[in-house]
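Colleague: I've got some "how do you know" questions about the terms you use for this structure. Can we go through them with the model open?

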There are 2 protein chains.
Amino acid sequence: MSVLPIFRSVIAFVFFSLPGTALAKEAVDMIVYGDYVLTMEKGAGVLNNGAVAVKDGTILAVGPRADIEAEFKTKKKVSGTDKVLMPGLINGHTHAAMVLFRGMADDMTLIDWLQNYIFPMEGKFVDKDFVRAGAQLACWEMLRGGTTTIVDMYFYPRIAAQVYKTCGLRAILGAPMIDYPSPGFTGWDDSFAAGEEFVQNFKDPSGRLIAAFAPHGAYTVSPEHLRAVLAAAKASGAPLMMHVAESPSEMQVMKERYHNTTVRHIAGLGMLDYPLIAAHMVWPDEDEMDMLAMSQVGPIHNPTSNMKTAAGFSPVPQMLAKGINVGLGTDGAASNNDLDMWEEIRHAALIHKGKSGDATIMPAKTVLAMATRMGSAAIGLGDVVGTLSTGKRADMIQLILTSPRLAPLYDVESHLVYVAGSRDVVTTIIDGQMVMRNGKVRSLDRAKVIQDAKVQADKIRAALEAEK
Amino acid sequence: MSVLPIFRSVIAFVFFSLPGTALAKEAVDMIVYGDYVLTMEKGAGVLNNGAVAVKDGTILAVGPRADIEAEFKTKKKVSGTDKVLMPGLINGHTHAAMVLFRGMADDMTLIDWLQNYIFPMEGKFVDKDFVRAGAQLACWEMLRGGTTTIVDMYFYPRIAAQVYKTCGLRAILGAPMIDYPSPGFTGWDDSFAAGEEFVQNFKDPSGRLIAAFAPHGAYTVSPEHLRAVLAAAKASGAPLMMHVAESPSEMQVMKERYHNTTVRHIAGLGMLDYPLIAAHMVWPDEDEMDMLAMSQVGPIHNPTSNMKTAAGFSPVPQMLAKGINVGLGTDGAASNNDLDMWEEIRHAALIHKGKSGDATIMPAKTVLAMATRMGSAAIGLGDVVGTLSTGKRADMIQLILTSPRLAPLYDVESHLVYVAGSRDVVTTIIDGQMVMRNGKVRSLDRAKVIQDAKVQADKIRAALEAEK
């Protein structure tokens, strides 16, 4: 946690010591309290009875309540009684609008699911209205559960950006590019052109929304096209995201087509020399993990989706042991079936213990870091969010610990990982804006969110029933 | 689902057709509705717009709303708008009062956890007050989340029974027996004697609470003692429960001590010929699963605990394929860290897909059956609870589906497994008693539950800190 500059304390002390003198406290927009503050800075533990001062959407200081109150004054205090205050969660890989396909088709093979449900339904229904309604619904769920930053990969990113601008979410928006026909596109050329145009022209004065390139995967985009998008990313400096080494079927295709693994294949294309956000990363081998450790790649672990689609268990403990910043993501709700980062946290903590036979791996503190500090580094926003630190943007959440479900409380970090969940989140603040308070999302109209989703879902349901 | 006797419909039709005639409807205690009714009977799907008539704590009829209303009248109607109505969940293995150790120690080896935390703390603190406070806290959490039946294995079962009597939970209470010193006992002789006394003398006129034998495990109880407890169970007809083939370390001990596996060892003692409730069952081999399929044993799958303690992944899909009724359980909250059956449902649906590489196994419908119908069979209560069927006890729950988290709704069973959770449960009914309504537990005083837990937790916390 950042230590307050000593001179400030000295000044405050001097002024406090002189009765009748005007206070030297600095006015801030907001002070947010927490009986338990997790800055999530490396090596930090739990700060009891702490507070964070926020001004102009930035964290000005973090420290013990008494110190913060000695330094700063505000008209807006957010109580921290019985609450944890921590950085907002970072969902490193999702397809937000796909929440409209949640529960449409489950418990089937990846091929059956994609070819008979997802692709046909996307072809029929994914348009601007779909993305608007889906992004709204996703936004409500994510803000409600304490997610403050997402890496989104879906069609019509400009429409999604409008929604995120309104609802207050921080997002990296990847324009999807693929060699096959997809909603709005006939194949690579027009999807790449649209993506380039989006990245070049998208502007968000707040800096909260960032346009990015999102080639689908190394098995669905040719090497030439991947070289082109990498060059475009380098030229613009925009983030680059892709599905990497997700499933056994992908690995099989790569082997047959390129006689190679996905990671080695994209390494040969130079993609490991760029800060690639690499979703899934289920099947890197030992040497490839060493390559990743030397690279700028940020792998994103999606445990729920990887189980549900039978992709497998990513070697996350091994990647962490090599010093790789691994983030966490929900993937789309069509393969999850929700956008709840607390479930990803819980699953990440549990499944690797079960798989390895070692109950000491993936301890609570590590998994919380994956959802915050490491996640921010993995997506290239390590200097912007991910910890409660002076100078970072004020993205933070409060959870309340008063439910009998959370009693007794011996260890806050343990509870956050093994017991708490989105229902316990009561406050969500992004860029210093309180987008959720007392468990109520303020930046979206709940009834409209549901109604707009219903309009889309009714069409999808009718199509599903027509095909039965 | 049970079909209403035709003659009743005919009578109702005749009486309705005669204006001025007194209605022939049968008065019942309660009619509970559901826009979506899951009877969970074998082969049944989702009944839209259904209802259940309840009298004297028993299910009198299940059917379409119109049919039920034509047959029965009541002063107490429980609305089913936007709700799922289904059987209450069956937690086939737990140590309820251990909820007071929730989050006390995590992310360590089983031996470290048991020897340095659980056993010493149990030795110091587990007494009647501890069990009363712990069972209360557990009861609140379980009723809140829609669990209506538990198989409990913990010390002072008479005290726990008092709590369950008050809070309304259905429970099989296993008296713990072990060859080593344990709370209240010096070893086998007195723990066995106390257990026998409990089973012989415990009376519950309601039939909702059942006394049982609970030898700890085949690696902690000698073959002679297991024979004795099996004989006692047979003599009394009481249920018998035990941890079976849970962890690699158990398997190692069994191999070294008996040159055998756990299942073969207890088969040799005759324990497979009794309806043994076999908690965990992580390590049966193929032949042993065939033996289990021929036996009366009910394995209970505890996926969260098995991951957290690094016990491994139980071969549940294989057991189900052999026709074994596998139930679900939370284990104690000390190794979970909650008593949320919805998480067990979700984990059971997900982890086996991830492990096997087959996304079609453990489909939603199957896992819901494990938590209800199959679970009731596994614990010997298949004729009493587990489905909404005429003649069974009225143990049922309602979940409300109005949260944006649950939109859109294409498939109720998918949502129950992959999205819904304890927070969505709004009604819990056991033996026809409404123990939770509108999400509020009525049979327990929430403030007292928390306060009593706090008294115990403060002592434990002080002891933990003294040892640091």
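This is a predicted model: local features need pLDDT of at least 70, side-chain atom pairs count only at pLDDT 80 or more; totals for chains, interfaces and linings use all residues.

Colleague: What makes A:Asp106 and A:Lys308 a salt bridge?

Modeller: The rule asks for a side-chain nitrogen of Lys or Arg within 4 Å of a carboxyl oxygen of Asp or Glu. Here the N to O distance is 2.6 Å, so the pair passes the cut-off of 4 Å. The two residues come from distant parts of the chain, 202 residues apart. A:Asp106 is in the loop between β8 (89-94) and α3 (110-125) of chain A, and A:Lys308 is in helix α11 (residues 303-308).

Colleague: Are those two buried or exposed, and how do you know?

Modeller: Buried means under 20% relative accessible area. A:Asp106 has 12%, so it counts as buried. A:Lys308 has 6%, so it is buried too.

Colleague: And what about A:Glu286 and A:Lys322?

Modeller: Their side chains also meet in a salt bridge, at 2.8 Å from N to O. A:Glu286 lies in helix α10 (residues 286-294) of chain A, while A:Lys322 lies in the loop between α12 (316-321) and β15 (327-328), so the pair ties together parts that are 36 residues apart in sequence.

Colleague: Which residues of chain A are linked in a network of salt bridges?

Modeller: A:Arg170, A:Arg393, A:Asp395 and A:Asp431 are linked that way.

**Between the chains**

Colleague: How do you know how the two copies are related?

Modeller: A rotation of 180° with 0.0 Å of shift along its axis puts chain B on chain A, with an RMSD of 0.0 Å. The copies are therefore related as by a two-fold rotation axis. The same surface serves both of them, since 100% of the contact residues of chain B recur in chain A.

Colleague: How many residues does the contact take, and what area is buried?

Modeller: It takes 61 residues from chain B and 61 residues from chain A. The size of an interface is often given as the accessible area lost when the parts come together. For chain B and chain A that area is about 4700 Å², and carbon and sulfur atoms give 61% of it. On the chain B side, B:Asp107, B:Pro404 and B:Tyr410 lose the most area to chain A, together 16% of what that side buries.

Colleague: How many salt bridges does the rule find across the interface?

Modeller: Eight. In one of them, A:Arg346 pairs with B:Glu343, the closest N and O atoms being 2.5 Å apart. As for polar contacts, the count between the chains is 25 residue pairs. The largest share of the side of chain B that touches chain A comes from α13(B), with eight residues.

Colleague: What makes A:Arg346 and B:Asp338 a salt bridge?

Modeller: Their closest N and O atoms are 4.0 Å apart, and the cut-off is within 4 Å. The pair crosses between chains, from helix α13 (residues 341-356) of chain A to the loop between β15 (327-328) and α13 of chain B. A:Arg346 is at 7% relative accessibility, so it counts as buried. B:Asp338, at 3%, is buried as well.

**Inside the chains**

Colleague: Why is A:Ala378 called buried?

Modeller: Its relative accessibility is 5%, and buried means under 20%. A:Ala378 lies in helix α15 (residues 373-378) of chain A. Among the residues that A:Ala378 touches are A:Ile277, A:Pro299 and A:Asn325.

Colleague: And why is B:Arg102 called buried?

Modeller: B:Arg102 has 0% relative accessibility, so it falls under the cut-off and counts as buried. Its place is in the loop between β8 (89-94) and α3 (110-125) of chain B.

Colleague: Which residues touch the most other members of the largest nonpolar core?

Modeller: A:Phe101, A:Tyr164, B:Phe101 and B:Tyr164 do, in a core of 259 residues. Contacts of A:Tyr164 include A:Ala96, A:Cys139, A:Leu173 and A:Arg208.

Terms used: Residues are numbered from 1 along each chain as its sequence is written. Chains are lettered from A and ligands numbered from 1 in the order in which they are written. Side-chain values use heavy atoms; hydrogens and water are left out. A nonpolar core is a set of buried Ala, Val, Leu, Ile, Met, Phe, Trp, Tyr and Cys residues joined through side-chain atoms within 4.5 Å. Buried means under 20% relative accessible area, exposed over 50%, partly exposed in between (1.4 Å probe, protein chains only). Contact means heavy atoms within 4.5 Å. Copies are superposed by least squares on the C-alpha atoms of residues with pLDDT of at least 70 in both. Buried area is the accessible area (1.4 Å probe) that two parts lose on being put together, summed over both. A polar contact is a pair of N or O atoms within 3.5 Å; within protein, one must be able to donate a hydrogen and the other to accept it, and residues adjacent in sequence count only if both atoms are side-chain atoms. Helices (H or I, at least four residues) and strands (E, at least two) are DSSP runs, numbered from the N terminus. Lists of a residue's contacts leave out its neighbours within four places in sequence.
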